[in-house]
Amino acid sequence: MTTMTPVQLSAAAARRTALAAQGFADARPTGTPTRQHLRRALSRVQLLQLDSVNVAVRAHYMPLFSRLGAYPMSLVDEAAWAHTARRPRLLVEYWAHEASLIPVEDWPLFHWRMRRYESRYARHIARIAAASPGLLDDVLATVADLGPVSAGTLESTLGGPAPKSKGGWWNRSDIKHICESLFATGQLTTGTRQGFQRLYDLPERALPATVFDAPPIPDDEAARQLTLRAALAHGVGTEKDLRDYYRLEPARSQRAVAELVDAGLLVPVAVEGWRHPAYRHVDARTPRAVVGRALLCPFDPLIWERDRAERLFGFRYRIEIYVPEPQRVYGYYVFPFLLDGELVARVDLKADRVGGVLRVQGAYLEEGRDRARVVGELAGELGVMAEWLGLSGVWVGERGDLAGALRRAVR
């Protein structure tokens, strides 16, 4: 690796660079967002994390609302699960950061991970194959005949769930685990979803032929390309930041970063207040200011790496879903509020679909922020979000030092 003197970057400049990379320096569309706006937002974030929690809104929908405003959710559904000949699939599911929607053209970049899963699942699949010879082939053949098809339908079609045994792996049926292993190894993918239920299909039917039949990409080249995508999404980040975006192995990530520096695609930088060296994408821009507002779900790529969020914004953030209720500090499903490039408040949100309101269970102001301005902007954004979710208004509870003022504002 060529030795380069790092470029000095202030903490404020690093923050603006990161926000611009994630699309927060782009103006929201003035009309109804279109597929073109979706493409532009996806070119910023690179992927959308999937999560089963639906207390406010599914995780893969919210990052686009944060950047585009009130857009039709059908844009995502059509891009991922309801494609047609005229509107081809843009996104496919795979294990990227976590379970994620990724651009279809990125599918070949994960063949190394598919092979890794083959090794990881080999013993378990061999055990199932020994107990139920031919079951794996039957699953693939049935998906080919019936797909897209759920694991439950496969269980019914192939004779019902297999006997269960104790332990984590064996808590679900053998057919369910075969489906998951075939998904992880790239032999099945998600053809579509019903609600949030995955319906499996063959990747050769779900993916364009140019993607499915693409020649193999060497592992190191895949690591370089994924690291470069991570750098594009970060603007500026440490090697560990870049590695985490696609959950690469440390040695492979470090080698990729070094090679990208040598190629002039990453620029070493020293960020004020950061303990570790950082790298800026060669095309990253640093706007003079970032204006606008956004509510961020816990799985937004701007903040999902909590240490990075603390370095960028001085904002300590932990998701408290798994914390017993009496021990929660801010609430079950807390959304940080971004205003003019700073995280200025946080709200615990719940979509009350029976009552028809967006419930603010708690509202908290960050220290040193302009209360009046934050309340006004936050009330406005909550109203936009409620309308986007098809709810009639916003209800504010009692918890938090911002609750009283916010309650008056939303009235």
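Which side chain meets that of Asp352 in a salt bridge? The partner is Arg359, with 2.8 Å from N to O. By salt bridge I mean a side-chain nitrogen of Lys or Arg within 4 Å of a carboxyl oxygen of Asp or Glu.

Before going on, some ground rules. This is a predicted model, where local features need pLDDT of at least 70 and side-chain atom pairs count only at pLDDT 80 or more, while totals for chains, interfaces and linings use all residues. Residues are numbered from 1 along each chain as its sequence is written, and side-chain values use heavy atoms, leaving out hydrogens and water.

Back to that pair. Asp352 counts as buried because its relative accessibility is 14%, and Arg359 counts as partly exposed because its value is 24%. The cut-offs are under 20% relative accessible area for buried, over 50% for exposed, and partly exposed in between, with a 1.4 Å probe and protein chains only. Shared partners also join Arg28, Arg293, Asp340, Arg373, Glu377 and Glu381 into one network of salt bridges.

The count of salt bridges comes to 35. One of them is between Arg229 and Asp106, at 3.0 Å from N to O. This pair links distant parts of the chain, 123 residues apart: Arg229 is in helix α11 (residues 219–234), and Asp106 is in the loop between β4 (99–103) and α5 (111–131). Helices (H or I, at least four residues) and strands (E, at least two) are DSSP runs, numbered from the N terminus. Asp106 counts as buried, because its relative accessibility is 2%.

Next, Arg308 and Asp241, whose closest N and O atoms are 3.3 Å apart in a salt bridge. Arg308 sits in helix α14 (residues 306–313) and Asp241 in helix α12 (residues 239–246), 67 residues apart. Both residues are buried.

Now the sheet. Four strands form an open sheet in the order β1-β8-β9-β7, with mixed pairing; two strands pair if DSSP finds at least two bridges between them. β1 (7–9) and β7 (236–238) are at the edges with a single partner strand each, so one side of each has no neighbour in the sheet. β1 and β8 (residues 266–271) run parallel, joined by 3 bridges. Within that pair, Leu9 is opposite Val271.

Last, Glu387, in helix α15 (residues 371–388). Is Glu387 buried or exposed? Glu387 is exposed, because its relative accessible area is 65%. Its C-alpha atom is separated by 48 Å from that of Ala122, 265 residues apart along the chain.
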